[in-house]
Amino acid sequence: MPSECCGGAYDTPMAAAAPREGGVVLMTPKLTEADVTKQIKGCLVALGWTGYRLQSGVVRGVTQGTYITLNPNGTPDWFFVRGSEILFVEMKAPGKKLAPAQENWFKLAEMRRTPAIWADGLLMFREKYAAIYDPWKPA
């Protein structure tokens, strides 16, 4: 995968050194789901994908107060399109796992051969993406 958009520099949090009593203490900031989303989304955009944020559940409409049903629970947070290709993506904070409804959605997607990836970091995403798409294919 091209290193300029999906390189290993963002696979793990960067350690910041701070001197302490003659030594060095390494402090590693904790990545959030928002950090992982930004990394993966940036990688996909650099590879020519356009992303759309999906919502699930039910909301109350503003104009007439009616309820609007969105996507079913378990639907991934993002849907990406590149030409005629599609990809559903669920991003998690490092170490987090899918909820049961999300596990069911991904099992169904696999049975239907729908391209879908869930990842808790850029490295996991890159491995799963390479298994689905040729990373050197032009947009």
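Q: Let's start with β8. What is the bridge partner of Met91 there?
A: Ala119 is the bridge partner of Met91 in β8. Strands here are DSSP E runs of at least two residues, helices are H or I runs of at least four, and both are numbered from the N terminus.

Q: What should I know about the source?
A: The model is predicted: local features need pLDDT of at least 70, side-chain atom pairs count only at pLDDT 80 or more, and totals for chains, interfaces and linings use all residues. Residues are numbered from 1 along each chain as its sequence is written, and side-chain values use heavy atoms, with hydrogens and water left out.

Q: In which sense do β7 and β8 pair?
A: Parallel, over four bridges, with β7 covering residues 85-91. Strands pair if DSSP finds at least two bridges between them.

Q: What is the strand order in the sheet?
A: β3-β6-β7-β8, in an open sheet with mixed pairing. β3 (50-53) and β8 (116-119) are the edge strands, each pairing on one side only.

Q: Which strands does α3 touch?
A: Helix α3 (residues 100-111) packs on the sheet against β7 and β8, and its direction makes about 145° with that of β8. Contact means heavy atoms within 4.5 Å. Axes are lines fitted to C-alpha atoms, for helices over the stretch in contact, and angles run from 0 to 180 degrees between N-to-C directions.

Q: And where does α4 lie?
A: Across β6 (78-82), β7 and β8, at about 165° to β8.

Q: Switching to helices. At what angle do α2 and α4 cross?
A: Roughly 35°, and the axes of α2 (residues 33-46) and α4 (residues 122-132) come within 9 Å.

Q: Which residues make that contact?
A: Gln39, Ile40, Cys43 and Leu44 from α2, with Leu122, Phe125 and Tyr129 from α4.

Q: Gln39: buried or exposed?
A: Buried, because its relative accessible area is 17%. The cut-offs are under 20% for buried and over 50% for exposed, partly exposed in between, with a 1.4 Å probe and protein chains only.

Q: Which residues touch the most other members in the largest nonpolar core?
A: Ile40, Leu44, Leu87, Val89, Phe125 and Tyr129, out of 17 residues. A nonpolar core is a set of buried Ala, Val, Leu, Ile, Met, Phe, Trp, Tyr and Cys residues joined through side-chain atoms within 4.5 Å.

Q: Which element gives the largest share?
A: α2, with four residues.
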